[in-house]
Number of protein chains: 2
Amino acid sequence: MAQANPERVLRDLHTLRAMGAYRTGVHRPTLSAQDMEARRWLVAQLRETGAEASIDGIASVVSRAMGDGPKLLAGSHLESQNHAGWLDGALGVVYALEAARAVAEDAGLAGAGAGVDVIAFADEEGHFGHFHGSRSFTGALTEAEIDAARNRTDGRPLREALAEAGLAGLPRAQLEQGRHGAFLEAHIEQGDRLERAGLRVGVVTSIVAIWQYRITFEGAQNHAGTTSMAARRDAGAALTRFCQRIEARFPEVAGPHSVWTVGRITLDPGAPSIIPGRAEMLFQFRDADRAVLDRMRARLEALVAEANAEGRCPATLETLGQSEPAVMHPRARGALEAAAERVAPGAWMALPSGAGHDAQYMAPLMPTGMLFTPSIGGVSHHWTEDTAEQDIALGAQVFVAAADALLRG
Amino acid sequence: MAQANPERVLRDLHTLRAMGAYRTGVHRPTLSAQDMEARRWLVAQLRETGAEASIDGIASVVSRAMGDGPKLLAGSHLESQNHAGWLDGALGVVYALEAARAVAEDAGLAGAGAGVDVIAFADEEGHFGHFHGSRSFTGALTEAEIDAARNRTDGRPLREALAEAGLAGLPRAQLEQGRHGAFLEAHIEQGDRLERAGLRVGVVTSIVAIWQYRITFEGAQNHAGTTSMAARRDAGAALTRFCQRIEARFPEVAGPHSVWTVGRITLDPGAPSIIPGRAEMLFQFRDADRAVLDRMRARLEALVAEANAEGRCPATLETLGQSEPAVMHPRARGALEAAAERVAPGAWMALPSGAGHDAQYMAPLMPTGMLFTPSIGGVSHHWTEDTAEQDIALGAQVFVAAADALLRG
C-alpha cells in the first residue's frame with residue numbers, strides 16, 4: 001500500500017518556505033522570481049517520479065504520470081498572498097507530490113500502471129485575476145481575459161509578467177476528459193473549527209459560494225466648511241448608514257454558517273475637507289446553501305431599495321460574481337473519511353469550506369474531495385498562519401491513503 | 001476717490017482662467033507650470049502699478065508699493081484645488097491687484113504716498129502642506145517643515161518642486177510689523193447663504209476654527225470566508241458603527257452653524273476577501289464659537305470611550321489640528337460694511353466663513369477683514385464653481401471702496 005513519508009513532506013515544505021521567506025511565512029506573489037523558483041523546483045521533483053512535467057502558458061505546473069492504469073489528479077497552488085502563510089497552497093501541492101511519489105514507489109500500483117497527475121494551479125490567490133489556473137485547465141479562461149489582466153498591486157499586465165517569466169507563447173494545459181478517477185486537494189483550513197473541536201483532520205463536505213457586489217452611493221461633492229449639514233448630500237455618510245443596515249438586518253436571513261464582509265470602502269475624493277461626492281464599498285457573503293444565498297441576495301436588494309427610498313444619495317448595486325456552492329463527491333469524500341478514520345481515529349470531522357479553492361472548478365467535472373489540516377488560532381492570509389508539524393504529517397498520511405484507495409477503486 | 005474698473009477685473013480673471021483651464025474651471029496645482037505662469041503674470045501686473053514685486057522662496061507673490069504714506073495689505077492665493085473653480089483664490093488676488101491699481105491711479109492717495117501691497121500666498125490649497133504662504137510670511141514656517149513637505153497627490157518633495165520652478169535658495173518674504181493699517185481678503189463664499197438670502201455681497205464676521213482628528217480601530221485581519229461572524233474582530237465594522245454614533249449624537253452638542261465631516265475612510269488591507277484588521281477615518285468639525293468646539297471635542301472623546309467600552313476593536317483618537325476661530329476686526333469689517341451699504345445698499349449681509357483662509361493668519365497681527373461674493377448653487381472645490389459676472393464687478397467696487405476708506409483713515 002502506498003504510504004506517505006512525513007519527513008520528506010516536511011523537508012519539501014521547508015524548502016518551499018525558503019523561497020520568498022517573510023518572517024515565519026512567505027511573500028511569493030504570482031510570477032515573482034520566488035514564485036517561478038518554486039514552480040521550477042516542483043517540475044524537477046515531479047520529473048524524479050518518472051512523470052512528464054512542465055510549466056504551461058498560464059504558469060500552472062502540470063505533470064502526467066506514465067502507465068496505462070488508473071489515474072488521479074491532485075494538487076493546489078504555489079503562489080501566496082502578499083506577506084502571508086507558508087502552507088496556504090504549498091501544503092496541498094506537496095501532499096499531491098508525495099502521493100505521486102508514494103504511488104510510483106508502490107510496486108503493486110506502479111505495476112498496474114496507476115499514477116497521480118499533479119497540478120499546481122496558477123494564481124489561485126488572484127494577483128492577476130480570478131482562478132486563472134483552474135479556469136485555464138478547464139477551458140473557461142479566454143485569451144482576451146489574459147490580454148486584459150493586470151496585477152492588482154502594481155497594475156502590471158499579465159502578458160508582460162508571463163513574458164518575463166519565459167512563458168509567453170507556451171500552450172496552456174487542458175484537462176483530458178475521462179483520464180482521472182478523482183481530484184483531491186489538501187489545504188490548511190483557514191478557520192478555527194478543527195482547533196476549537198480539538199481535532200487534527202478535516203474532510204470537506206462542500207465549498208461555499210461567494211457572492212460579491214459593489215455598492216455605490218452618489219452624493220454631491222462640496223466644501224466641508226461651507227456646506228450646512230442640512231444642505232449636504234454626503235455619499236460617505238450614506239454608505240456608513242447602509243453598513244449599519246446590513247449589520248442590523250442580515251442576521252435575520254443568514255444561515256448558521258453564513259458570513260458577510262465589507263472588505264473595502266472608498267470615499268471620493270477622500271480629502272479631509274471635502275464632502276464625499278461618491279462612495280463605494282465591496283461587499284460579499286458566503287454560504288454552502290443556495291436557498292440561504294438567495295435569501296441574502298434578496299435582503300441586500302431590499303436594503304438598497306430602502307436606502308434609495310429614504311436617502312438623498314442614490315445607491316446602485318452591481319453584481320461582481322455569484323459562484324455556485326460545490327458539493328464534494330461521495331466517493332472522494334468517502335475515501336478521505338475512511339482514510340481519516342483509519343489513520344486518525346476519532347480525531348477528524350466533516351466540515352464545509354468557507355474559502356474558495358481550485359477544487360470548486362474540478363467538482364463539476366470529476367469526483368472531487370478535499371482534506372483540511374488545522375489552522376493554529378484560525379489564522380489565515382497572514383504570515384503567522386501555521387499547522388503543527390505532527391498534524392502536517394498526519395494529514396499527509398490520510399491524503400496518500402485516500403489516493404491509494406481511490407486508485408484501487 | 002479710488003474706483004474699481006470692473007472690465008479690467010473681469011478681463012484679468014478670464015486671463016487667469018486660461019492658465020490651466022479645465023472645462024469651465026481650472027486645474028492649477030501649486031508649482032505646476034500653469035501655477036507658475038499665473039504667478040509670473042501677477043508679478044508683471046504689479047510692476048505696472050509702479051510697485052516692487054517678485055516671487056519669493058516659498059512661491060508667494062509679494063509686492064511693495066512706493067511712497068511713505070499709509071499702506072494696506074491685500075491678497076489671497078493663485079493655485080487651485082485639482083480640477084476646481086476659476087474664482088477660488090484668483091478672485092481675491094485680482095481684487096487686491098485692482099485696489100493697488102485704483103489707489104495708484106488716484107491722484108490724492110498716490111500723492112499722499114498711500115498704497116496697497118499685494119500678496120498671493122503660496123499653497124493655501126495645501127498641495128504640499130498647511131497654509132505655507134501665510135505661515136511663511138508671518139514667520140511660523142520652518143525650514144525643517146519645508147524639507148519634509150511632499151505633494152499630497154504624487155509624493156514629490158516640495159524642495160524639488162521649488163527648485164524646478166527656479167525658486168530654490170530665494171529669500172522668503174516676511175511681514176514688516178507696523179507697515180500695514182489693515183489686511184483685506186476677498187473670496188468666493190463657497191457656500192449658499194448669500195444665494196439663499198438673495199444677496200450679492202457678504203462681509204465676514206469670523207473665520208471658523210477647524211478641529212481635525214484621525215480615529216483608528218484595531219481589529220484582527222483574517223479570512224472573510226473561514227472566520228465565523230462571532231469570532232470576528234472587524235475593524236471596518238467597528239468604524240462604520242462609530243460613524244453612526246457621530247451621526248446620532250453630534251447634533252445634541254453642535255451649534256446652529258456647526259459642520260462635521262468624515263472625509264476619508266481606509267480599511268486595511270482593503271481586499272474583498274479579507275476582514276479588515278485596521279481601519280482609519282479622518283474626521284473634522286468646524287465652528288466659530290470656542291465653547292461649541294469644546295463641547296464637540298468632549299462628545300467625540302466620549303464616543304471613543306463608549307466604543308472602547310462596548311467593542312472588540314480598540315479605538316484611538318489622534319488630534320491632527322485644532323485652530324482658533326479668527327474674529328474679524330471692527331475697523332476692517334466696518335469699512336467693508338460701510339462700502340457694501342453704499343455700493344450695494346440692502347444687497348449685503350454679515351456672515352461667518354465656514355472655510356479657512358489666509359486671513360486667519362493675518363488677523364492676530366493686524367486689523368483684518370474679508371469680503372465674499374456669492375457661490376452659484378453653493379458649489380465649491382469643483383470646476384462648476386462660479387459667481388455671476390455682475391456680482392464679481394459689484395464685489396470689486398465694494399472692495400476698492402473699503403480700501404480707499406481704510407487708507408484715508
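How many residue pairs are in polar contact between chain B and chain A? The count is 23 residue pairs, both residues at pLDDT 80 or more, where a polar contact is a pair of N or O atoms within 3.5 Å; within protein, one must be able to donate a hydrogen and the other to accept it, and residues adjacent in sequence count only if both atoms are side-chain atoms. On chain B, the side that touches chain A draws two or more residues from each of β10 (222–223), α9 (235–249), β11 (259–268), β12 (274–275) and β13 (278–287); helices (H or I, at least four residues) and strands (E, at least two) are DSSP runs, numbered from the N terminus. The largest contribution, eight residues, comes from β11(B).

This is a predicted model, in which local features need pLDDT of at least 70, side-chain atom pairs count only at pLDDT 80 or more, and totals for chains, interfaces and linings use all residues. Residues are numbered from 1 along each chain as its sequence is written, chains are lettered from A and ligands numbered from 1 in the order in which they are written, and side-chain values use heavy atoms, with hydrogens and water left out.

In total, 47 residues of chain B are in contact (heavy atoms within 4.5 Å) with 47 residues of chain A. Two salt bridges (a side-chain nitrogen of Lys or Arg within 4 Å of a carboxyl oxygen of Asp or Glu) link the chains; Arg241(A) and Glu247(B) form a salt bridge at 2.5 Å, N to O.

Turning to α13(B), 15 of its 20 residues are buried, that is, under 20% relative accessible area (1.4 Å probe, protein chains only). Just after α13(B), Gly409(B) adopts a positive phi of about 75°.

Definitions and conventions:
Buried means under 20% relative accessible area, exposed over 50%, partly exposed in between (1.4 Å probe, protein chains only).
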